[in-house]
Amino acid sequence: YPLFQRGGPQLRIFRPNFFMVAVRPGVPQPEDTVQFRVSMEMTKLDIRNYLERIYNVPVAAVRTRIQYGANNKRNHRNQRVKKPDYKVAYVQLGQGQTFQFPNLFPEKEQDTETRSFDDYRDKYMEKEKQKEEGDPRRGGVPDWFGL
Amino acid sequence: MAALGARRLLRPGRRWFSDTVPSAPSPPASPLYPPVVASITAKSKAAKSRRLQRFNQRVHEAATVEEKLRLYGKLQRPKYTVYPQTFALNADRWYRSFTKTVLVPGMPPRAAAAKPPVATAGATSETGRAPEPRAEAPGHAEAAGEVEVAANAEAPGAAKTPEPSAGVAPCPDIGELRSLACDALLQESFYQNKKRPFLYRDQDHTPGPFLTQLVSTLAASLSGHNPLLAASSLDLNPEVNYYWHHGNEVVVHGHRKGRVDPVRFQIDDNPHLQIRVPKQLPEVVPLESDLGDVPVIDHKPSKLPLFKKQYENKVFIGTKVADPCCYGHTQFHLLPDRLKRERFIKERLEDQIEVVYRSNGIASLFAWTAAQAMYQGFWNEADVTRPFVSQAVVTDGKYFAFFCYQLNTLALNAETIKNNPRKNICWGTDSKPLYDVVEDGNVKGFNDEVLLQLVHFLLNRPKEL
């Protein structure tokens with residue numbers, strides 16, 4: 001983007017090429033805080049304007065940090081493999097709004113057919129395992145040992 | 001032979017067919033074995049608690065208060081620095097949970113009941129009114145503002161009949177005090193020729209000197225009515241520090257990873273002005289009163305955002321321990337430029353304006369009262385036996401907010417907070433303007449209520465005086 005100099009025009013971007021990914025926080029965050037992974041070139045002002053203008057989300061405060069991706073893993077040629085760096089933004093919502101990251105993989109309701117099939121399958125697996133183990137009265141001694 | 005045999009058989013020490021009756025074994029004067037207690041140096045929870053008990057014993061047995069403070073803050077570890085004047089959103093809720101404080105809106109009832117008479121312009125009309133019983137005033141004076149003014153207007157009528165305490169000059173004149181305030185304001189903002197303030201130095205340019213001038217002249221003129229003010233000490237830009245523990249956390253990184261540590265906090269505050277007095281202000285409500293709920297916040301304090309640093313654990317009220325004026329009366333805080341009203345309005349955060357005043361009041365007053373209590377020898381293992389009361393005025397030059405804090409408990413760390421029902425209480429008002437605008441040598445829209453509240457704050461004193 002062109003560098004701003006005094007007297008120059010305000011920079012306006014109409015179709016930004018940035019995108020922000022809302023992620024589930026690794027540590028519990030307060031109710032009004034949303035965690036995003038954003039492009040490394042975005043600033044706090046950019047994030048605020050992005051959310052307010054495009055998505056009409058009231059933003060009270062933005063804090064950012066850059067997460068360093070580790071460079072410890074080695075590939076089959078013993079070269080170090082870098083995980084990419086990324087910027088994390090913590091956005092506090094205004095006007096008392098709260099946000100809770102949703103559960104994306106909820107437990108599905110099982111109908112009677114699948115439940116009975118699951119029970120049958122579990123019982124069958126148990127029987128197979130017991131057959132493999134052998135007679136418990138022999139105390140772990142294998143079958144071929146004997147007179 | 002029989003005698004020889006008998007002698008050989010009778011070994012020394014053995015009583016065989018002797019005449020003496022074996023007496024009951026006498027209880028030993030001291031126990032034979034030392035008491036069975038946990039080790040001191042082992043890596044176990046029992047050893048840790050024994051070490052903690054030895055440390056507490058050492059602090060209890062310290063001879064002087066300085067020695068107690070030195071031992072209390074001896075071990076340095078990373079701690080959260082709590083700033084009373086902060087831009088963090090909803091900081092007052094977090095600060096209330098850190099300090100176990102209940103926030104009660106409005107001024108406490110004793111501010112209406114125990115107010116000494118102040119002559120208002122229309123005082124003559126109230127002399128004929130029947131004296132209102134003092135007990136009724138608390139019920140009516142819960143909300144600040146108009147009701148307070150009415151109670152103020154009624155109190156003179158009630159208190160004029162009993163004469164004021166001996167040796168105190170009668171009613172301060174509100175007109176005189178108003179002219180003093182307007183003089184200070186006009187001198188700083190109109191008459192004196194000042195250059196333009198440097199960038200972000202607006203508050204030090206006009207409201208700072210105005211506040212200093214106002215408080216010193218008001219205190220000087222009211223010291224005739226309040227003997228406590230005459231014996232007080234006014235500090236300019238003092239330092240107030242307090243260090244405390246609250247709750248437990250598990251250490252995340254480093255060589256101490258996995259250990260359970262108390263969460264440490266430190267407040268380092270610089271109020272603009274401070275009045276310290278030799279006698280304690282009277283308690284507002286009894287020690288064990290419960291006026292509300294303390295917010296419980298499960299998240300780590302670093303989400304506020306709050307940051308950790310390791311430096312000296314200081315506990316300081318403004319002077320050292322040997323000073324006779326060791327109790328606090330009133331603090332005056334000036335909000336800095338980055339927390340101006342206009343900035344919040346520009347960022348569309350109007351509800352955070354009041355949060356700034358409240359967080360400043362709660363944090364500063366908690367630090368001051370707790371440090372005063374530590375100066376008297378109380379700490380979190382030896383909880384306070386009487387409540388410590390102080391007042392504060394938070395202003396940005398035009399808008400004034402009044403706070404009154406009662407410290408009922410110092411025991412905030414994880415073990416002592418379990419069976420402690422006491423809570424600290426903070427009464428606070430919203431911010432109100434003292435004047436509307438200053439133009440052409442006139443102060444337009446001067447608000448008498450704010451000045452009256454300020455005067456009542458300064459006239460507050462213990463009942464014996």
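**View 1. The loop of chain B that holds B:P305.** B:P305 is located in the loop between strand 6 (273–277) and strand 7 (308–309) of chain B; helices (H or I, at least four residues) and strands (E, at least two) are DSSP runs, numbered from the N terminus. The peptide bond between B:L304 and B:P305 is cis, with omega about 15 degrees. This is a predicted model, in which local features need pLDDT of at least 70, side-chain atom pairs count only at pLDDT 80 or more, and totals for chains, interfaces and linings use all residues. Residues are numbered from 1 along each chain as its sequence is written, chains are lettered from A and ligands numbered from 1 in the order in which they are written, and side-chain values use heavy atoms, with hydrogens and water left out.

**View 2. The backbone at A:N78.** A:N78 belongs to the loop between strand 4 (73–74) and strand 5 (80–81) of chain A. Phi of A:N78 is near 60 degrees, a positive value in a residue other than glycine.

**View 3. Packing of helix 2 and helix 3 of chain B.** Helix 2 (residues 45–60) and helix 3 (residues 65–72) of chain B pack at an angle of about 155 degrees, and their axes lie 9 Å apart. Axes are lines fitted to C-alpha atoms, for helices over the stretch in contact, and angles run from 0 to 180 degrees between N-to-C directions. The angle makes helix 2 of chain B roughly antiparallel to helix 3 of chain B (angles under 35 degrees count as roughly parallel, over 145 as roughly antiparallel, 65 to 115 as roughly perpendicular and the rest as oblique). From helix 2 of chain B, B:F55, B:R58, B:V59 and B:H60 meet B:K68, B:R70, B:L71 and B:Y72 of helix 3 of chain B.

**View 4. A salt bridge within chain B.** The side chains of B:K340 and B:D202 form a salt bridge at 3.4 Å, N to O (a side-chain nitrogen of Lys or Arg within 4 Å of a carboxyl oxygen of Asp or Glu). B:K340 lies in the loop between strand 8 (327–334) and helix 13 (341–346) of chain B, and B:D202 in helix 10 (residues 202–205) of chain B, so the pair ties together parts that are 138 residues apart in sequence. Over all chains, the structure holds 23 salt bridges.

**View 5. The interface of chain A and chain B.** Here 11 residues of chain A are in contact with nine residues of chain B, contact meaning heavy atoms within 4.5 Å. One salt bridge is found across the interface of chain A and chain B. A:E52 forms a salt bridge with B:R348, with the closest N and O atoms 3.5 Å apart. Strand 3 (residues 59–67) of chain A gives the most to the side of chain A that touches chain B, with three residues.
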